[in-house]
Amino acid sequence: MAKNDDTKRLAGQSSAEQIRDGESKSRLQLPSDALVLLPLRNSVLFPSTIAPLTFGRSASIRGVQEAVRQEMPIGIVAQRDAKVDAPGRADLYEVGTVADVLRMVTSQDGTLQILARGRNRFKILDFIQTEPFLVARILALPEVAPKTKEFEARMLHLRQEAQRALSFLPEPVPDLASTIQSLEEPTALIDFIASWLDLSLPEKQEILETMDVEARAQKVAEKLAHHIEVLEITRKIGTETKGAMDKAQREYILREQLKAIQKELGVGDAKRVETEELREKIEQAKMPPDVEKEALKELSRLERMPEGAAEYSMVRTYLDWMIELPWSITSEEQIDLPKAREVLDADHHDLEKVKKRILEFLAIRKLNPAGKSPILCLIGPPGVGKTSLGQSIARAMNRKFVRQSVGGVHDEAEIRGHRRTYIGALPGRIIQGIKRAGSKNPVFMLDEIDKLSASFHGDPSAALLEVLDPEQNATFQDHYLDVPFDLSQVSFITTANVLDTIPGPLRDRMEIIEIPGYVEDDKLVIAKRYLVPRQLSACGLEVEQLSFTDDALREVIRGYTREAGVRQLEREIGAICRGAATRFAEGIADQVTVSAKSVITYLGPAKFINEVALRTSLPGVATGLAWTAAGGDILFVEATKMPGDGKLLLTGQLGDVMKESAQAALSLVKSRSDSLGIDAEVFKKQDLHIHIPAGAIPKDGPSAGITLFVALVSLLTGRRIRNDVAMTGEISLRGLVLPVGGIKEKVLAAKRAGITTVLLPDLNRKDLEEIPVPAKEAMRFEFLESVDQALHIALELAATREVASPSFTFPSGRSPIGDIERREIEHRSFKR
């Protein structure tokens, strides 16, 4: 129950003893609507409640005595600021409680103690006098409780919750429980519950001033619910603390008993033996002097710490990490360039430029072993062998290899580690990788570095700036270890699919090596040399049992994969091997040769067909080239017209840059309508609709400009576009074809799709050097300076007068459109 700070229990005494000697016997005549006001510090008296009150100020003492002498009630009103000794009207709340004085006692220290019972609420109208005590004219505030069933239910719930709150108290208070149960008047019950709740003075005064009984009941119920929640949590904490203390006491007793038993048996102190072993391991680890000093300091702390202490296991874990790190262990580097060339050729087909750069790196390491290693970043689409190249480099250098994926890492502590103040703290991924390698000079691959992401936990790419800087990483400091670790002898290699998402400062610390996608001939060689033997071994088959013809592998490459790498190709070969293994296990066959015709038996109908002939059989459909994270793809631009008022509709989830390219293409067509033989009225009476299929995939970038222009001209002139032509390039309003990026990936995508002629901007002529020779020899390249050249090459000479739906027959007996739209391309977007 909340009480006044100066409250004490009162003993009953007669009223004759309540009057101090020497007081005036004159009677003060007060109006019927006036009361003696008694300011109260830090407390509120509610109606229908009895509370002991203590007064020490002379004005309050004289006011109480006068009220008792005249046998009249008093007015109890709360004081806003308890520090004010002589409060005036501005220092008092306006609403208070009329109260009867049941008992009065004068203490030896001169203070006056009374037992007061609240009657009803009142409001101060004005002051009649301020000396020798406060007297004010008041207005009684009546209150009437509702008679509705809802209010009755609310009061029943309030009574039950109050009983529930009492059950959480450490010691039972029977008087409170019986009083709550016996109070029938709703207003009395509400005020009584509010009086013993542990509330601040403003909160209690707010409840006192709430005249609407139903609203007052709601406020008290909310405060009571909060009070119950606090009591529940307090009980829970107390229970958990008691349980933990009981467990700790039990462990201490058992530990002391164990020590006594060991002493009687003559067994040495296990803890002392443990610390001596740790000390010996620290000496054997050959740490740098400052690191060893820190380790011995922590060991000294461990010796003085009881085994049951909360920090004991944390310090022990820290020492284990310090001991197990390879502070002085290195792999003996053996660089043999002819052997390294053999390793690279054995592990990877083609990739001559990449191999050349790796051999240059190894040659520098051989001539200058003490030099700082450059940070190599292998950029390329998925499945082209970036990770296996890192393993080959480690083999060629006779070093340990450790791979750590950082894709999706969004917390700086993943790189630098967590500080030991956190429960379950561990070193970051760099130190963890070094520990796994067991050597301080491994080849350390950070995979998927382009997929780092920043968050409110910090930016991991910023933490990698120190790791990947040869000038700084000699003193790399993990937050968990809190001592420097030398990373200067580690050969870091990173991999990524795209370069754009790597932050500039991080990209500046790395040497970029681009790995191109594979053409069909490369994939055929890779399948024969690497993929087929690996899948045969995985399925437990021998080379004599299952063989593939070259035509069968080409059929798998063309009809079941559409990728720059060879991962999907290996999965499809694995599916064929599993199918053949099932036949062997069932005894159906002893030897199987997979031909082009039998591929469908194992893999079902082809997933990909030559879409170009199907799509471009009508005017208004052009084949474009797109750069994607998977290495590039072909992309169709479809245009149609319909009656309207000249609007341009764009669909296919296009980005802002591509929408602007479409508008520029339309403006260019309008400006050249006369020379192109297009009736200008079509732009006023027809709506044009441009759609780029695969609508669920976002697309953006300026390189579709020439494709959009040719598609619109084809639609409006009725001339079809050759189905063996694909194009890429940005256009200007003057009709110029501007250079774009990703030429290598786009050309390889065109090669995979069966395109024989590719239209490129003339300023991209230099990019042909990056394209593999087989692709250059199998395709024709036309270089454009203006859009007129594109029209001359891409459009058929005669216009199509009647447009009919093409007729195709497929082995599966169904249209391939569904298969076309379900191509397994994660991201497709024009870029650069």
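Here are some friendly notes on a predicted model, taken point by point.

1. A word on the ground rules. Residues are numbered from 1 along each chain as its sequence is written, and side-chain values use heavy atoms, with hydrogens and water left out. Because the model is predicted, local features need pLDDT of at least 70 and side-chain atom pairs count only at pLDDT 80 or more, while totals for chains, interfaces and linings use all residues.

2. On the cysteines, the structure holds zero disulfides (a disulfide being a pair of cysteine sulfur atoms within 2.5 Å). For Cys539, the closest cysteine sulfur belongs to Cys577 and lies 5.1 Å away, too far for a bond. Cys577 is likewise in no disulfide, with the sulfur of Cys539 as its nearest.

3. How accessible are these two cysteines? Cys539 is partly exposed at 25% relative accessibility, whereas Cys577 is buried at 0%. Here buried means under 20% relative accessible area, exposed over 50%, and partly exposed in between, with a 1.4 Å probe and protein chains only.

4. Have a look at Ser58, which sits in helix α1 (residues 58-69); helices are DSSP runs of H or I with at least four residues, numbered from the N terminus. Ser58 is exposed, at 56% relative accessibility.

5. Finally, Glu276 belongs to helix α7 (residues 270-284) and is partly exposed, with a relative accessible area of 40%.

Notes. Helices (H or I, at least four residues) and strands (E, at least two) are DSSP runs, numbered from the N terminus.
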